[in-house]
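Notebook open, model on screen.

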Amino acid sequence: MLTLDKIYHAAYALRDVVRKTALIKSPKINPDCELYLKTENLQITGSFKVRGAGYKISQLSPEEKERGVIACSAGNHAQGVALAAQKYGIKSVICLPDGAPISKVEATKSYGAEVVMVEGVYDDAYNRALQLRDECGYTFVHPFDDDDVIAGQGTIGLEILDELEDIDAVVVPVGGGGLISGVAYALKHLKPSIKVYGVQASGAPSMYDSVKGGKKVRLNGVSTIADGIAVKEPGDNTYALVSKYVDDIVTVSEGEISSAILALIEQHKLIAEGAGAVSVAAVMFNKIPVKNKKVVAIVSGGNIDVTILSRVIKRGLLMSGRNHTLCVELMDKPGQLLGVSEIIARLGANVISIHHERASETMDINGCYLRIVLETRNHEHIKEITQALIDAGFKLV
């Protein structure tokens, strides 16, 4: 059973296992509020997950430790369990779907775990983990729906209050709900006036739909760049705790998540994965009432796959108006390109690429298309350039 004493005990048990992460001020993400970032992306293993896994493993009996632990995950939970098991000197077995990124497989192995690759998806890995648990007597470490795991995650709430007592709200990423359950339980028992808001990706709103609908639901599928919170169904414990202690849950889009990742890179030199950035996205795009409030956003993880980081950054640039493509229909005669270029240069945009296309069945026989990709400051800058081109007589497609 989850209690405040258990969360305090978790903090004591984890004192030599996890890192107390920094709370840093973030003045530009949303100038309407006083925002602080709880940087769990800088935690050992790059995610908060080691807290819950570490406390769970610390509470095993000598017999259970002798037999070892097993878990299934495609990411942060796997690494958290592996590192925690290594710290306590016990065996860990991690079942991973065979489509898991190589970087995450190798990271899990580097923490001393025995990795079992399972053909199929997460559910197949989960079933294989349960089978091995029954066959070999391992203890299964659930990623979120376990009181010890939740208590471990709740230590983040204690750390926040240790550093900032007069906060108005804490914003927390939500997948299965283990993190927000622990944090909300701790905060509401120590300072009930603090608002706790959960954030899910709009492509994986399992807890959002469950809480709003008044009963636990299972999604048919999930699709989001925030793979760390792409959970089809919340846990029984976490659903009950979130329903009781969390003030509201909101969702953010893929573009908003990408913009938040980009803002963290540019403004704070912090790398956040999609799941870790959803809390920042909710504050950034005013999905929750933060005006004139002192707010903490938990950046829960930083283990983004570098192979998709460039795509995420590009989407963030588009979303924030920092990158834009113009298509101008011109008459194919000398001086037209010069006229367009002069306007763009005068208004301070930078041309990244340009493509000139003649001959199309839909245009004038003497016409052509000019497709220009620009670096711009923001959406207002794009409007300024667009209007200047129109005022100069150019036709935008």
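Predicted model: local features only at pLDDT ≥ 70, side-chain atom pairs only at ≥ 80, totals over all residues.

**Whole chain.** I started with burial: 55% of the 397 residues in the protein chain are buried, where buried means under 20% relative accessible area, exposed over 50% and partly exposed in between, with a 1.4 Å probe and protein chains only. Residues are numbered from 1 along each chain as its sequence is written, and side-chain values use heavy atoms, with hydrogens and water left out.

I counted 15 helices and 14 strands in the protein chain; these are DSSP runs numbered from the N terminus, helices being H or I with at least four residues and strands E with at least two. The C-alpha trace spans about 85 × 50 × 40 Å along its principal axes. Of the contacts (heavy atoms within 4.5 Å) with a separation of 6 or more, 72% come from residues 24 or more positions apart.

**Helix H4.** I checked the length of H4 (residues 76-87): its end C-alpha atoms are 17 Å apart, which agrees with the 16 Å that its 12 residues should span at 1.5 Å a residue. The expected span is 1.5 Å times one less than the number of residues. Is H4 mostly covered or mostly open? Covered: 10 of its 12 residues are buried, among them Asn 76, His 77, Val 81 and Leu 83. The cover includes helix H2 (49-58), strand E3 (69-72), strand E4 (92-97) and helix H5 (102-110). After H4 comes Gly 89, and its phi is positive, near 70 degrees.

**Helix H2.** I then turned to H2, where 10 of its 10 residues are buried, including Lys 49, Arg 51 and Lys 56. H4 is part of what covers the buried residues of H2, which also includes helix H1 (4-13), helix H3 (62-67) and helix H7 (147-163).

**Strand E10.** Six of the six residues of E10 (residues 294-299) are buried. I looked at both faces, and both are covered: Lys 294, Val 296 and Ile 298 lie on one side, Val 295, Ala 297 and Val 299 on the other. Strand E2 (residues 34-39) pairs with E10 in the parallel sense over six bridges, with Leu 35 opposite Val 295. Strand E7 (residues 169-173) also runs parallel to E10, joined by three bridges, and Val 170 stands opposite Val 296. For pairing, DSSP has to find at least two bridges between the strands.

**Four-stranded sheet.** I traced an open sheet in the order E12-E13-E11-E14, with antiparallel pairing. Its edge strands are E12 (350-358) and E14 (395-396), each pairing on one side only. Two bridges join E11 (residues 323-331) to E14, and Glu 329 stands opposite Lys 395. Helix H14 (residues 336-346) packs on the sheet, touching E11, E12 and E13 (367-375), and its direction makes about 25 degrees with that of E13.

**H9 and H10.** Last, I looked at how H9 (residues 206-213) meets H10 (residues 236-245): the axes come within 10 Å and cross at roughly 60 degrees. That makes H9 oblique to H10. Angles under 35 degrees count as roughly parallel, over 145 as roughly antiparallel, 65 to 115 as roughly perpendicular and the rest as oblique. Axes are lines fitted to C-alpha atoms, for helices over the stretch in contact, and angles run from 0 to 180 degrees between N-to-C directions. The contact is made by Met 207, Ser 210 and Val 211 of H9 and Thr 238, Tyr 239, Val 242 and Ser 243 of H10.
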